Amino acid sequence: MQKMLVLAVGLGVFFLLHEVLASRSSSQDSTGGVRLEGRSGDREAVGDRMEQESGLLMGNQGIDCGRVNVSGNPRSATECALKAQAAGKPFRVRYDIRGIDSAVAGGIVRTPAGQLWALSFDGDPAGQGGTSDSRQVLGKSQCPQPVHLWVNPKGRINCFHQQLSAPRSVMSPNSEPY
């Protein structure tokens with residue numbers, strides 16, 4: 001009986017958390033950034049390491065310019081990030097990248113102090129598919145000074161190269177020639 005009660009309370013907390021995060025997932029901020037996390041699974045509702053770290057870096061007042069799916073159009077997310085950068089506001093933008101055997105992403109984050117960071121994410125470097133709870137890896141590289149945000153041929157912002165170039169590894173700051 002006690003196990004059933006613990007299970008029921010746990011499920012109740014889970015569904016409450018899911019509803020709270022889902023209500024935030026479609027909110028839009030004043031600069032046009034659309035929050036897209038939480039659309040395809042519970043881990044995304046809570047956030048993988050990239051979602052968590054980018055959120056901490058941009059702070060509570062940061063602009064979430066969105067998460068662009070692998071085949072998604074990056075235009076509005078990129079425009080949001082460039083607008084936030086021009087206004088000197090903290091922001092984050094994430095671009096999911098086609099991985100071979102795990103979830104892969106790249107993104108840019110501006111902190112409230114004005115630092116820009118390039119993030120690269122591999123959901124499971126062991127190649128067992130998707131995103132592992134324990135094997136996720138997040139690379140963080142500070143953008144070169146003076147900062148210049150390039151829009152690459154795929155419509156994504158990058159602070160390292162104007163053109164796409166082959167990365168040394170999936171964790172290289174320019175991890176998106178795909």
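The legends below describe several close-up views of one predicted model.

Because this is a predicted model, local features are given only where pLDDT is at least 70 and side-chain atom pairs only at pLDDT 80 or more, whereas totals for chains, interfaces and linings use all residues. Residues are numbered from 1 along each chain as its sequence is written, and side-chain values use heavy atoms, with hydrogens and water left out.

**View 1. Helix 3 and its buried residues.** Helix 3 spans residues 49–58, and its buried residues are Met50, Glu51, Ser54, Leu57 and Met58. These residues lie on the same side of helix 3 because they cover an arc of only 135° around the axis, where the arc is that of the directions from the helix axis to the C-beta atoms. Their cover includes strand 1 (63–68), strand 2 (91–97), strand 3 (104–110), strand 4 (116–122) and strand 5 (137–142). Helix 3 is followed by Gly59, which has a positive phi, near 80°. Most residues other than glycine have a negative phi.

**View 2. Asp48 at the start of helix 3.** Asp48 lies in the loop between helix 2 (42–46) and helix 3, and it counts as buried because its relative accessibility is 4%. One of its side-chain oxygens reaches to within 3.1 Å of the backbone nitrogen of Met50. The side chain of Asp48 also makes a polar contact of 3.0 Å with that of Arg94; a polar contact is a pair of N or O atoms within 3.5 Å, in which, within protein, one must be able to donate a hydrogen and the other to accept it, and residues adjacent in sequence count only if both atoms are side-chain atoms.

**View 3. Two charged ends placed over rings.** The charged end of Arg94 sits over the ring of Phe121, 5.2 Å from its centre, and that of Lys140 sits over the ring of Trp117, 4.5 Å from its centre. A charge sits over a ring if NZ of Lys or CZ of Arg is within 6 Å of the ring centre and within 35 degrees of the ring normal.

**View 4. Val109 in strand 3.** Val109 is buried because its relative accessible area is 1%. Leaving aside residues up to four places away in sequence, Val109 touches several residues, including Ser54, Leu57 and Met58 as well as Leu116 and Trp117; contact means heavy atoms within 4.5 Å.

**View 5. The peptide bond between Gln145 and Pro146.** This bond is cis, with omega about -10°, and Pro146 is found in the loop between strand 5 and strand 6 (150–151). Most peptide bonds are trans.

Notes
Buried < 20%, exposed > 50% of the residue type's maximum accessible area, 1.4 Å probe, protein only. Helix = DSSP H or I, 4+ residues; strand = E, 2+ residues; numbered from the N terminus.
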